[in-house]
Amino acid sequence: MWPIKNLSKIVLATILAFSTISYFLLSTDSASAATTENALVNTKNSDLTVRSGPGTNYKKVGSLKKGKSVSSRTKSGWSEIRYKDKKSYVSTKYLAFSPVKITKKKYKSISDLSYPQVSGLKSKTAQEKINRTFTKHAKEAYTSYLKVKQADKEDKNEEWCNGKTCNYMYATQYKVKYNQDGKLSILLYNYVYEGGAHGIGAVTSYNFKISSGKQMKIADILTSKQKYKKVQKYAYKYMSKHEDFFVDKQSDVPVNKHSQFYYTKDGIYLIFQEYEVAPYSSGNPSIKIPGSVYK
């Protein structure tokens with residue numbers, strides 16, 4: 001009979017195994033289609049109706065304002081989108097699609113290691129440059145994946161694990177955040193679980209000029225110390241008004257050349273790592289910074 005200490009480990013590991021798998025399944029749902037296309041809502045005088053299915057006979061579940069960016073998985077009479085984290089549909093004729101298509105790939109055919117590749121760019125040189133960047137990220141993730149798999153194999157020989165309750169995981173996924181106006185922003189998430197209360201994730205933002213394939217860093221946008229300070233001050237004011245954050249002063253908000261961001265139509269979003277400015281339950285919080293703050 002196992003000691004109570006080992007039994008506790010088994011129970012905890014079993015719970016975490018199921019929760020980790022559930023987390024991954026839910027979080028990767030938004031990238032499950034082979035090809036996604038970004039589009040802007042292009043209605044004239046009213047909001048675009050969002051429905052639960054592909055047809056006017058389906059229930060209305062909400063609406064989208066003109067100019068709203070959406071990621072579409074299909075392109076026919078009705079386009080499948082994500083609305084409030086649920087599969088929904090909008091009429092395709094009211095969407096203006098970006099020429100850049102995003103296709104989901106699996107590195108070495110491993111289902112847990114998904115990454116994007118782009119197509120449809122006028123410049124094939126720019127297209128290849130962007131795709132090489134994403135492939136490099138996937139290759140580096142694969143190295144980490146192999147290490148976690150080896151640790152998983154070794155720990156399954158432990159008595160408390162017994163081969164069923166010890167399920168380590170390394171996975172990648174991505175989200176297209178902006179694909180308009182000659183700019184492309186995609187977030188790549190790396191998630192690892194190697195025991196403990198929960199796994200740990202890290203987000204890397206990739207921002208490009210579509211015409212040239214040049215990767216843009218935040219230093220290309222915040223070109224002076226004054227601009228960094230203005231953005232930091234704006235972000236701090238936002239955080240100080242919301243209880244989800246644990247910053248006490250402006251200097252607690254990390255805004256520097258390593259900051260992750262993605263484009264929006266009239267500015268950028270800062271995105272933070274887990275625990276950086278908020279508790280684990282907040283995931284990767286993001287804050288919109290209007291262009292008027294730093295231009």
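## A buried asparagine

Asn179 is buried, at 0% relative accessibility. This residue belongs to strand β9. In this predicted model, the side chain of Asn179 reaches the backbone oxygen of Val100, at 2.9 Å. Beyond its neighbours within four places in sequence, Asn179 is in contact with Asn38, Ser98, Val100, Ile102, Leu184 and Ile210. Two of these contacts, Ile102 and Leu184, are also listed among the residues with the most contacts inside the largest nonpolar core.

## The nonpolar cores

The largest nonpolar core has 31 residues. Ile102, Val118, Leu121, Ile130, Phe134, Leu184 and Ile186 have the most contacts inside this core. Six elements each supply at least two of its residues: β7 (95-106), β8 (114-119), α2 (124-155), β9 (169-180), β10 (183-193) and β11 (200-209). Helix α2 gives the most, with 7 residues.

Ile130 shows how such contacts run. Leaving out residues up to four places away in sequence, Ile130 touches Val118, Leu121, Leu184, Phe208 and Gly213. There is also a second, separate core. This one has 24 residues, including Val247, Tyr263, Val293 and Tyr294.

## Aromatic pairs

The count comes to 10 aromatic pairs. One of them joins Phe134 and Tyr206, with ring centres 5.5 Å apart and planes at 75 degrees. Planes over 60 degrees apart count as edge-to-face, so the Phe134 and Tyr206 pair falls in that class. Phe134 lies in helix α2 and Tyr206 in strand β11, so the pair ties together parts that are 72 residues apart in sequence. Both residues are buried. Phe134 is also listed among the residues with the most contacts inside the largest core.

Tyr238 and Phe245 make another pair, with ring centres 6.2 Å apart. Their planes stand at 75 degrees, so this pair is edge-to-face too. Tyr238 is partly exposed, with a relative accessible area of 34%. Phe245 is buried, at 14%.

## A tyrosine cluster and a lysine

Tyr107, Tyr115, Tyr142 and Tyr145 form one aromatic cluster. The charged end of Lys108 sits over the Tyr142 ring, 5.5 Å from its centre.

Lys84 lies in the loop between β5 (78-83) and β6 (86-91). Its phi is positive, about 55 degrees, although Lys84 is not a glycine. Asp85 is found in the β5-β6 loop as well. Phi of Asp85 is near 65 degrees, again a positive value in a residue other than glycine.

Both side chains belong to exposed residues. Lys84 counts as exposed at 68% relative accessibility. Asp85 is exposed with a relative accessible area of 69%. The cut-off for exposed is over 50%.

## Overall make-up and confidence

The protein has 4 helices and 14 strands. Of its 295 residues, 44% count as buried. Among contacts between residues at least 6 apart in sequence, 54% join residues at least 24 apart.

The average pLDDT is 86, and 86% of the residues score at least 70. Where pLDDT is low, the predicted coordinates should not be read in detail.

Methods: Residues numbered from 1 in each chain as written. Predicted model: local features only at pLDDT ≥ 70, side-chain atom pairs only at ≥ 80, totals over all residues. Heavy atoms only, no water. Core = buried A, V, L, I, M, F, W, Y, C linked by side-chain atoms within 4.5 Å. Buried < 20%, exposed > 50% of the residue type's maximum accessible area, 1.4 Å probe, protein only. Contact = heavy atoms within 4.5 Å. pLDDT = per-residue confidence, 0-100. Phe/Tyr/Trp six-rings, centres within 6.5 Å; stacked < 30°, edge-to-face > 60°. Lys NZ or Arg CZ within 6 Å of the ring centre and 35° of its normal. Polar contact = N/O pair within 3.5 Å; in protein donor to acceptor, adjacent residues only side chain to side chain.
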